[in-house]
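Here is a walk through one protein chain, from its overall build to its local details. Keep the sequence and the model side by side as you read.

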Amino acid sequence: MSKKSKWQDDYWLLLMETYLQKPVGVKPMYSKKMVDLSLELHIAPNVLFNKMCQIANLETPRIERIWETYGSNPKKLSRAVSLYRSMNGFNNAEDFYEGVEVNESFEKDFRPVGDGIELTPIMLTLILDLYFRLTPITMVVATPEVQQLARLIKVKPQEVVDVLEVFQYCDPYLKRREVTFSPLFLPCQQVWRRYGNADTEALASYAEQLKEYFK
């Protein structure tokens with residue numbers, strides 16, 4: 001049995017709570033608050049973002065009623081959200097989903113790529129975007145862009161360099177003949193297949209959105 005990412009009416013409460021958090025308004029699609037809620041509900045960030053825009057525009061009678069009830073009373077909304085979560089098992093997700101197979105998609109992008117590795121696919125995606133901005137000779141710790149990205153995603157610059165070097169093995173233009181046994185090769189290869197042969201401007205735009213998660 002699979003748990004489908006189907007919107008439920010009560011999810012408006014959870015989303016409105018995020019909307020009302022300071023600064024009040026529509027949150028960036030990949031801000032940590034939005035992603036955390038996406039992971040909780042198993043609903044992709046872009047879907048939540050579109051729903052939040054509907055809140056901002058009061059697009060439906062249902063949203064208007066919720067706004068009239070909670071828009072000027074965040075504490076009341078917080079109590080309603082807490083009650084909803086307690087009744088639906090969100091405080092103990094393992095028990096709530098016990099015996100239910102959850103078909104994950106975007107969720108995997110925000111989780112470590114392997115045991116003992118803190119890097120996630122979205123972090124690898126940001127490093128891939130940097131890869132296309134550098135040349136192999138500048139893929140070193142001393143490069144300011146490497147240091148800046150490392151600070152943003154909270155890893156050591158050498159870790160960024162390690163990933164940049166692995167991407168060189170994925171790059172067909174470099175034609176690296178050596179073999180790498182890095183545990184990062186498979187996850188880097190997967191990210192390369194998703195974005196490496198696509199429009200670099202599209203990747204750069206996506207990377208800018210993903211950076212919101214680390215701010």
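Of the 215 residues in the protein chain, 41% are buried. The model is predicted. The chain holds eleven helices and zero strands. Read from the N terminus, its elements run α-α-α-α-α-α-α-α-α-α-α. The C-alpha trace spans about 65 × 40 × 30 Å along its principal axes. Take the contacts between residues at least 6 apart in sequence: 60% of them join residues at least 24 apart.

Start with the nonpolar cores. The largest has 40 residues, and Ile153, Val160, Leu164 and Phe167 touch the most other members. Which helices each supply at least two residues of this core? They are H7, H8 (144–153), H9 (157–170), H10 and H11. The largest share comes from H7, with eight residues. Beyond its neighbours within four places in sequence, Val160 is in contact with Ile127, Leu130, Val146, Leu149, Ala150, Ile153 and Val155.

Now turn to H11, residues 200–210. Its buried residues are Leu203, Ala204, Tyr206, Ala207 and Leu210. Why do they lie on the same side of H11? They cover an arc of only 165° around the axis, so they share one side of the helix. The spacing follows a general rule. An α-helix has 3.6 residues a turn, so residues three or four places apart point the same way. The buried residues of H11 pack against H7 (121–131) and H10 (185–196). The N-terminal end of H11 is capped by Asp199. A side-chain oxygen of Asp199 lies 3.0 Å from the backbone nitrogen of Glu201.

Thr125 lies in helix H7. Is Thr125 buried or exposed? Its relative accessible area is 3%, so Thr125 is buried. Leaving aside neighbours within four places in sequence, Thr125 is in contact with Val191, Tyr195, Leu203, Tyr206 and Leu210. Of these, Leu203, Tyr206 and Leu210 are among the buried residues of H11.

Aromatic rings come next. The structure holds twelve aromatic pairs. One of them joins Tyr19 and Trp67: the ring centres are 5.9 Å apart and the planes stand at 75°, so the pair is edge-to-face. This pair links distant parts of the chain. Tyr19 is in H1 (residues 11–20) and Trp67 is in H4 (residues 61–70), 48 residues apart. Tyr19 is buried, at 10% relative accessible area. Trp67 is partly exposed, at 28%.

Tyr131 and Phe132 also form an edge-to-face pair, 5.5 Å centre to centre with 85° between the planes. Tyr131 is buried, with a relative accessibility of 4%. Phe132 is partly exposed, at 32%. Ring pairs extend the group: Tyr131, Phe132, Phe167 and Trp192 are linked into a cluster.

The charged end of Lys76 sits over the ring of Tyr70, 5.9 Å from its centre. The charged end of Arg176 sits over the ring of Tyr169, 4.3 Å from its centre.

Finish with the backbone in the loops. Most residues other than glycine have a negative phi, and most peptide bonds are trans. Where does the chain depart from trans? A cis peptide bond joins Lys22 and Pro23, with omega about -10°. Pro23 is in the loop between H1 and H2 (32–41).

Positive phi values turn up in two non-glycine residues named here. Leu58 has a phi of about 45°. Leu58 is in the loop between H3 (45–57) and H4, and is partly exposed at 32% relative accessibility. Lys154 has a phi near 60°. Lys154 is in the loop between H8 and H9. With a relative accessible area of 62%, Lys154 is exposed.

Key. Residues are numbered from 1 along each chain as its sequence is written. This is a predicted model: local features need pLDDT of at least 70, side-chain atom pairs count only at pLDDT 80 or more; totals for chains, interfaces and linings use all residues. Side-chain values use heavy atoms; hydrogens and water are left out. Buried means under 20% relative accessible area, exposed over 50%, partly exposed in between (1.4 Å probe, protein chains only). Helices (H or I, at least four residues) and strands (E, at least two) are DSSP runs, numbered from the N terminus. The arc is that of the directions from the helix axis to the C-beta atoms. Contact means heavy atoms within 4.5 Å. A polar contact is a pair of N or O atoms within 3.5 Å; within protein, one must be able to donate a hydrogen and the other to accept it, and residues adjacent in sequence count only if both atoms are side-chain atoms. Rings of Phe, Tyr and Trp (its six-membered ring) pair if their centres lie within 6.5 Å; planes under 30 degrees apart count as stacked, over 60 as edge-to-face and the rest as tilted. A charge sits over a ring if NZ of Lys or CZ of Arg is within 6 Å of the ring centre and within 35 degrees of the ring normal. A nonpolar core is a set of buried Ala, Val, Leu, Ile, Met, Phe, Trp, Tyr and Cys residues joined through side-chain atoms within 4.5 Å.
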